[in-house]
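Have the structure open while reading.

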Amino acid sequence: MRTHASWLVLFLVLHSGGAAHAQSSASNPSAGVLRTFVACPIYRDTDAGRKSGCWLADDPSSGIRYDITLGPVKPQVGRAVLVEGITSAEPTTPCGGRVLTPVRTAVLPEPCARTIVPADAYPGRPYKSPREQLRPASEPRTLPPPPYDTRVFTIYFELGRDFLIYQYAELILEKISLYAKASQAKLVQIDGFAATAPLWVSARTLREPASLAEARANMVAEALRRLGVPSDCLRVAWHSTPQPTHDLESGQLPEASKRRVVITVKP
Amino acid sequence: MPVLRRLTVQHALLVALIGCDHATVVAPDAQRTTRTPSVADSGAAPPATRIWPTGGSGTFPSSVSYATDLGTITTLNVSGPIETGLHGFFSPLGSNGRACITCHQPADGMSISSRSASQLWEETHGEHPLFAMIDGANCPNLPARERSSHSLLLERGLFRIALPWPPMAADGTPIEPEFTLEVIRDPAGCNLDATHGLLSAQPRVSVYRRPRPAANLKYATEIGFSFDPKNGLPLVLDHDARSPNNPTPTSGNLLADARLRTLSAQAVDALRYHADLAGEPNPTQLQQILDFETQLYTAQSSDSRAGVLTGAGAQGGPEALAKAPAARLQSSTAKPIWGEFAAWKLKEKDDHPPAPANGPVDAQRDFRSSVARGATLFATRQFLISDSTGINDTGFGNPVRNSCAFCHNMLHAGLDVAPGQVDLGTTNIPLANPLPDLPVFRLTCHLTAPPHPFLGRVIDTHDPGYALTTGKCIDIGKITAQSLRGIAARAPYFSNGSAQTLAEVIDFYDRRYALQLTDQEKLDLQHLLEVL
């Protein structure tokens, strides 16, 4: 298994123009609009305690600075970031950018300027632990009660990666393993998907390699094996050109929803 | 200080000294000259010197304490005294005269310091089994009983660890590395040696590492959470357990490179490699080793400046360590790490910068408050952590604002509750301290593999670390965080002995992460580390 099997085969194609493609081209400041762009992330060194720094990105098509801090995966200075988020009416006061929420970001291989700016009186946001977190191993788990019918789970990924996102994926995986155990599942079907269709954004084409679907599926299978799901229950398949789903942020992030693994537990 | 308060503190100290069951407080001027260990509660005869011999009969008591430069280190043997004769931990089971005790000494916090190594060299003229050529020399091809052949052990406390190249899983399965490995510099001559090096019949990479303490092991082995956030997967299962049909998750915190994940596997490997045991160990003696090392708790128990470390409400020393549950995550607000010393915080009205001491009680109070400040700094002082694989590439962002306790987050021990493989820069160039006596390897990541996220495709390093276990570029230079308890007794520091003192450890972090610590803050952190 390769943790980052897809890294090199994420296609980044530079175009001379690109403005016509961008969903980010509009400068409409209203809330509820999807913005998708690639930028060099900016770290604003706010200090409201641990993990409280702000992440900002300037949409190259509009020049608008967005606050992308609320995504589950944080960017890396020096590496380009794909931003997919919904404009909100939240105040810009914490970080100094229009807030995108929900928002997904993905670190791209493309190098960027490393930009760290001072807090400039912006307070940042105190870190909040996710509402639901993995419990310590010392706490006993409760198996889900019957009825046990076929259940479907979905895990979403960053663009170009098969990495299981911390404080997100492990909760789903544990639920799957507990449900498989409780229901004495005969089959756990794992279907990996990669967004192989080109995504035109900020004068680039982003496209996941087909092999990433397999890598994602295998990653989930390995995770479930380590959580005690018997190997002979697991069936792995992979697919390209998936359709968007509606269960990632209520369908507001259709491109991001293509990067997924669907796990079907059949008792 | 008002007279009444001073008397109260003095009284408290006196009570603490009298009431101390295990620790023996040694006067500062008696520290290194004290040759006889103090054994507190067993009545067993102590060894003649501070270094326990290999082999021979005797009793290892339920508590044993040794004077250090700074006070006393105490090791509790919580299941009671054991006879050392024929015991697996104390007996040489292989052919080179070594036993586990050779390199895991209670006076050195169940590791071994370079100072003890030097002492043994002087006392035995290099004849002690510690200096076995297989790993106690810079390379087995060097002349025996010459000091220069053992310089890495004598000066940095390092043992040679010869690892297979290409890497191999614990079960012997070959691992195809994502990188090539060249030797750029080879001061010891071992990596280019025809018999022991990369071009030998059994190619080996020789790296040089400090032995980890054989104590406080519940902290290194228990599971905090079932997932490893650093690689996104549940913990690695132990398929080599004695119940192969019921594999169990492993903490990944046992060795610097996590190549072995259970105490049993580690013990067998150590017996074969370090003690030159052919074949399988005797099951009874192997079980003795496992039983014994898991009943040991070691920590600093008294300090020449602070007094007993359970004094005035503090909860230092090994007793609390033995009783506390392991693998519990600290919380910088609700339950910060090193809360053991919270009782030593000065009240606000007393809080003043350390001033020239007006007497022993003021000096003690000032030192204790310095420790408490160090504990607070450790848990809460925020700084930007950047370009560190295992942290900044796992979704937290690069940089991320956090404290020392971000990684050293396990209550009572300072280990990482998650498997602690992180590249802090202690082995990778250019961030590592200058180490002209260690080899330099150049690792070049294949074009088909993802490069190292922060160092690119070509990386020079003194020790590839975890990458020699996984074969992955992203793991180059990752070293598992280790327990901080009893650390003052086991210099030098970091896995490659690149810091001779705790002050150098703090300086490394200050430089690496631009902490901009004041001199007083550095001292506070040093004082904290000295009493752990």
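Helix α10 (residues 360-380) of chain B packs against helix α13 (residues 519-530) of chain B at an angle of about 95 degrees, and their axes lie 7 Å apart. The two helices α10(B) and α13(B) are therefore roughly perpendicular, a label for angles of 65 to 115 degrees. This is a predicted model: local features need pLDDT of at least 70, side-chain atom pairs count only at pLDDT 80 or more, and totals for chains, interfaces and linings use all residues. Residues are numbered from 1 along each chain as its sequence is written, while chains are lettered from A and ligands numbered from 1 in the order in which they are written.

**Helix pair in chain B**

- Packed helices are described by the angle between their axes and by the distance between the axes.
- Axes are lines fitted to C-alpha atoms, for helices over the stretch in contact, and angles run from 0 to 180 degrees between N-to-C directions.
- From α10(B), the residues that meet α13(B) are Phe367(B), Ser370(B), Val371(B), Arg373(B), Gly374(B), Ala375(B), Leu377(B) and Phe378(B).
- On the α13(B) side they meet Glu521(B), Leu523(B), Asp524(B), Leu525(B), His527(B) and Leu528(B).
- By class, this contact has eight nonpolar, three polar and three charged residues.
- Ala, Val, Leu, Ile, Met, Phe, Trp, Tyr, Cys and Pro count as nonpolar, Asp, Glu, Lys and Arg as charged, and the others, Gly among them, as polar.

**Chain totals**

- Chain A has two helices and 14 strands; chain B has 13 helices and 19 strands.
- Helices (H or I, at least four residues) and strands (E, at least two) are DSSP runs, numbered from the N terminus.
- Of the 267 residues in chain A, 43% are buried; for the 532 residues of chain B the share is 57%.
- Buried means that 20 or more other C-beta atoms lie within 10 Å of a residue's own, with C-beta atoms placed from the backbone.
- Among contacts with a separation of 6 or more, residues 24 or more positions apart account for 75% in chain A and 68% in chain B.
- A contact needs C-beta atoms, placed from the backbone, within 7 Å.

**Sheet in chain B**

- An open sheet of four strands runs in the order β2-β3-β12-β13 (chain B), with antiparallel pairing.
- Its edge strands, β2 (63-67) and β13 (307-308) of chain B, each pair on one side only.
- β12 (residues 296-303) of chain B pairs with β13(B) over two bridges; pairing requires at least two DSSP bridges.
- Ser302(B) is opposite Val308(B) of β13(B).

**Sheet in chain A**

- Another open sheet of four strands has the order β9-β14-β10-β13 (chain A), with mixed pairing.
- β9 (151-156) and β13 (234-240) of chain A are its edge strands.
- Neighbouring strands of this sheet are turned by 20 degrees against each other on average, direction ignored.
- β10 (residues 187-194) and β14 (residues 260-266) of chain A pair in the antiparallel sense over six bridges.
- Gly192(A) has Val261(A) in β14(A) as its bridge partner.
- α1(A) lies across β9, β10 and β14 of chain A, at about 160 degrees to β9(A).

**Where the chains touch**

- 31 residues of chain A are in contact with 28 residues of chain B.
- On the chain A side, β3 (42-45), α1 (169-182) and α2 (211-226) each give two or more residues.
- The largest share, three residues, comes from α2(A).
- By class, the chain A side has 17 nonpolar, six polar and eight charged residues.

Key
Buried ≥ 20, exposed ≤ 12 C-beta atoms within 10 Å, placed from the backbone. Contact = placed C-beta atoms within 7 Å. Parallel < 35°, antiparallel > 145°, perpendicular 65-115°, else oblique.
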